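Here are my notes on this one, written as numbered points. Keep the viewer open and follow along as you read.

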Amino acid sequence: MNQVSELNIDSQIIRTIARSYSTLDYVPKLRNLLNLVYPEKKINKFCKLELHKEINNLLLNSYEGEPILKYKLFKAFVNKNVVAAYEIKVKNSRVDFLTVDDATTSFEIKSSLDNLTKLAKQSSDYVSAFEFNNIVIHERHLSKCLEIIPRSFGVITVNQNGYEILRKPIFNKKTDPAEQLNLLTKKELLKNFGHVDIIHILNELNNLEINKVFKNTLKERYKSRWNFIVENSANILPIDLQFFFKTNVEPALIYN
């Protein structure tokens, strides 16, 4: 049924569909979105799952936005021994993708549709919390990006043909234990440090000790969510991964 590659679809229509689509959309909305691309196509007999699949195929083949790159990051780590998470708040920023194993590794995405207005602030925030940091960036942003990000950042460029690792991240020695503690909830602080008073914890433990507990706490926080989408990946459509990471709802309840 995937005829996307045979179509010459206006990019603005694709963006409209990407902005309008939600995993929770019902059949009438899904049909209306597909009718923007297939006005003559007989899609009225498609079931809900088929409509979701068609929109996912359409976006995977024709859209260059952030959800596509988040799916590619998922594919890169789905079979690795890590815990990963989407959209982690750090100060006033929100990192797109984070992996935690022996180290914390962030991935900030700047697709061809994004701008770099917030990148300086974002990169500074991520340096305060994570041991390794990367930017996954469309090649059109590359020269400007290199002027903004710290030298410790890894750089992965993407285009329609794939990706290229231009440089690997360097271990970040500027993590701030106070900022790491600020990322944890009071419940997590009490459980893992025995206190909710950050000043007290900073006085009791050194940076290495705090960083170790910080990583273990993030693993514990996100392990079940990550394992859910890994274990159910065969039944989750690519554009919908982040929704299922957040909700852990059985896919059949959404698609059927």
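1. What percentage of the 256 residues of the chain count as buried? The figure is 47%, where buried means under 20% relative accessible area with a 1.4 Å probe and protein chains only, exposed means over 50%, and partly exposed lies in between. Along its principal axes, the C-alpha trace spans about 70 × 45 × 30 Å.

2. A word on the source before you go on. This is a predicted model, so to speak of local features we need pLDDT of at least 70, side-chain atom pairs count only at pLDDT 80 or more, and totals for chains, interfaces and linings use all residues. Residues are numbered from 1 along each chain as its sequence is written, and side-chain values use heavy atoms, with hydrogens and water left out.

3. Now the parts list: the chain has twelve helices and six strands. Look at contacts (heavy atoms within 4.5 Å) between residues at least 6 apart in sequence: 56% of them join residues at least 24 apart.

4. The six strands make an open sheet in the order β1-β2-β3-β4-β5-β6, with mixed pairing; two strands pair if DSSP finds at least two bridges between them. At the edges sit β1 (83–90) and β6 (162–167), each pairing on one side only. On average, neighbouring strands are turned by 25° against each other, direction ignored. Axes here are lines fitted to C-alpha atoms, for helices over the stretch in contact, and angles run from 0 to 180 degrees between N-to-C directions.

5. Next, the neighbours of β3. Strand β2 (residues 93–100) pairs with β3 in the antiparallel sense over four bridges, and Thr99 has Thr105 as its bridge partner. These two strands form a hairpin with three residues between them. Strand β4 (residues 132–138) runs parallel to β3, joined by six bridges, and Phe107 stands opposite Asn134. From β3 the chain crosses through helix α5 (residues 119–127) to β4, a right-handed β-α-β crossover; right-handed means that, with the strands pointing away from the viewer, the path from the first strand over the helix to the second runs clockwise.

6. While you're at α5, find Ser123 in that helix. Is Ser123 buried or exposed? It counts as buried, at 3% relative accessibility. Not counting residues up to four places away in sequence, Ser123 touches Ile148, Ile149, Pro150 and Phe153.

7. Helix α10 (residues 207–231) lies across β1, β2 and β3, at about 120° to β1.

8. Last, a helix pair. The axes of α2 (residues 27–35) and α3 (residues 48–62) come within 10 Å and cross at roughly 35°. Among the residues that meet are Leu30 and Leu34 in α2, and Leu51 and Ile55 in α3.
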